[in-house]
Amino acid sequence: MPRIALILPDLLQRAGMAAVLERYFAPVEVEQFGTADDTLRENGLFDVYFTDCAVFTANVDFFLPRRSQCVILVPDGSAALPGTETPRVIATGGTLEELLDHIGKVLVPVRSAAETPSDELSAREVQVLQLVVSGAINKEIADRLNISLNTVLTHRKNIAAKLGIKTISGLTLYALMHGYVSTEDINT
Amino acid sequence: MFTFTDMALLTPDMPLSAALEQHPTLIPLVSRFGIRLGLGDKSVAAVCADHQIDARFMLTLMNTYLFEEYFPEQKLKSFHVSQLVDYLSKTNAYYLHYQLPNIERHLGSLIASGGAENRNLALLGKFFAGFKQSLTDSIDYDTRKWFPYCLALSAGEVEGRDRIAPTAPDTADDDPAVSQLRDMRSIMVRHLSGEYNDNLAYAVIFAVGSIERDIRQHNRIRNRILTPVIDALCRG
């Protein structure tokens, strides 16, 4: 989920921006700052920083190294700097449709980069899945595949995330549907 | 926290009909209180007075149903155990007699729509049958043991030595029934293949989503209100 910092002194602008992001671009994690203070500086990595001209220029030391992740909000579009790619400039004086288009262009690449591109199970994960579904407990799976208990847990977590399935009965259904196991392999 | 919303909390002065028009998912909830359609423009308070229902209780349930993040714990804890148990029993009955058969009916048609060719649909049917069995078993336990015990305890009819404090509930997120339903929807959306009728698949997914949501609210009331109240009574 993209982590977004809003560094805007105006409370209403900040709250409005947070509301727009959460309503139209969920899931996002939005943190709000009135100034580019120490909390922001120490807060680690955000994917995108939304701010305004005044804050940006007053804190170039912080923003310049991160300019490819910065978006400057301006009241109207005519202030856009021609020829410069970053930091990006978004005009907030237009229609909601325009605003959403501009924000979308910033956020969509961030989001798709963060997601794992494939939901295909690896050969190892298929083995773990087959054992889970056949009723083996984690310890047995570790012994059978000669891997550590932690590795089994990691595989199980990845399988659940890739397939979007949490329960054993759900995994069983998936494994049967895809021919990874047959009905005879299942004890229950 | 500042969030946009299209919805506002429901209040006693608002016509119940307006609330139900805007949120049809509340219709089964109010029918658990014996309220039927044909409401005219009577306010929530007036309809409740006609039916001798505690309007505050029904409104609190309606609002917690609509707003998953809205959970007025103090208000809910002020209601009587018998009100809570009565409501939860009625939701259980609704699952057994209405929602489960409804899903089964759609699912049966969906399986038939794939002909004998689509083995995956039969597997889905089996998965749901397993879910239905486990839900039926836990409802059965509620009806025979847990709810009568809660009622007896709140009526002061259980001796100190016979009191059994409830085990800490799973968090709503880990509830096995909810997880299984979510898995079922997810498997259908991501992995359904072969021949089947699109509209029937949608009908099943919609019906599954609707019971899932209802069970989530049921669990919030059970785990965060009824269980702590019973726990306090056991210790008190």
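Helices here are DSSP runs of type H or I with at least four residues, and strands are E runs of at least two, each numbered from the N terminus. The model is predicted. By this definition, chain B contains nine helices and zero strands, and its pattern along the sequence is accordingly written α-α-α-α-α-α-α-α-α. The C-alpha trace of chain B spans about 60 × 50 × 35 Å along its principal axes. Chain B comprises 236 residues, of which 28% count as buried. Among contacts in chain B with a separation of 6 or more, 77% are made by residues 24 or more positions apart.

Within chain B, helix α8 covers residues 176-191. This helix has 16 residues and reaches 21 Å from its first C-alpha to its last, close to the 22 Å expected at 1.5 Å a residue. Its buried residues include B:Val178, B:Leu181, B:Met184, B:Ile187 and B:Met188; B:Gln180, B:Arg182 and B:Asp183 are buried as well. The buried residues of α8(B) pack against α7 (119-154) and α9 (198-235) of chain B, together with α9 of chain A.

Chain A also has a helix α8, formed by residues 149-163. Its 15 residues reach 21 Å from the first C-alpha to the last, close to the 21 Å expected at 1.5 Å a residue. The buried residues of α8(A) are A:Val152, A:His155 and A:Leu163. They lie on the same side of α8(A), because they cover an arc of only 60° around the axis. An α-helix has 3.6 residues a turn, so residues three or four places apart point the same way. The face of α8(A) turned away from the buried side carries the exposed residues A:Asn150, A:Lys157 and A:Ala161. Just after α8(A), A:Gly164 adopts a positive phi of about 70°.

What covers the buried residues of α8(A)? The cover includes α6 (123-133), α7 (138-145) and α9 (168-177) of chain A. Two of these helices, α6(A) and α9(A), also meet each other. Their axes come within 9 Å and cross at roughly 120°. Angles of 65 to 115 degrees count as roughly perpendicular and those over 145 as roughly antiparallel; α6(A) and α9(A) are therefore oblique to each other. The crossing of α6(A) and α9(A) is left-handed. At this contact, A:Leu129, A:Gln130, A:Val132 and A:Val133 in α6(A) meet A:Ile168, A:Leu171, A:Thr172 and A:Ala175 in α9(A).

Methods. Residues numbered from 1 in each chain as written. Chains lettered and ligands numbered in written order. Predicted model: local features only at pLDDT ≥ 70, side-chain atom pairs only at ≥ 80, totals over all residues. Expected span 1.5 Å × (residues − 1). Buried ≥ 20, exposed ≤ 12 C-beta atoms within 10 Å, placed from the backbone. Arc of directions from axis to C-beta. Contact = placed C-beta atoms within 7 Å. Axes fitted to C-alpha atoms, helices over the stretch in contact; angles between N-to-C directions. Parallel < 35°, antiparallel > 145°, perpendicular 65-115°, else oblique. Left-handed = near helix turned anticlockwise from the far one by under 90°.
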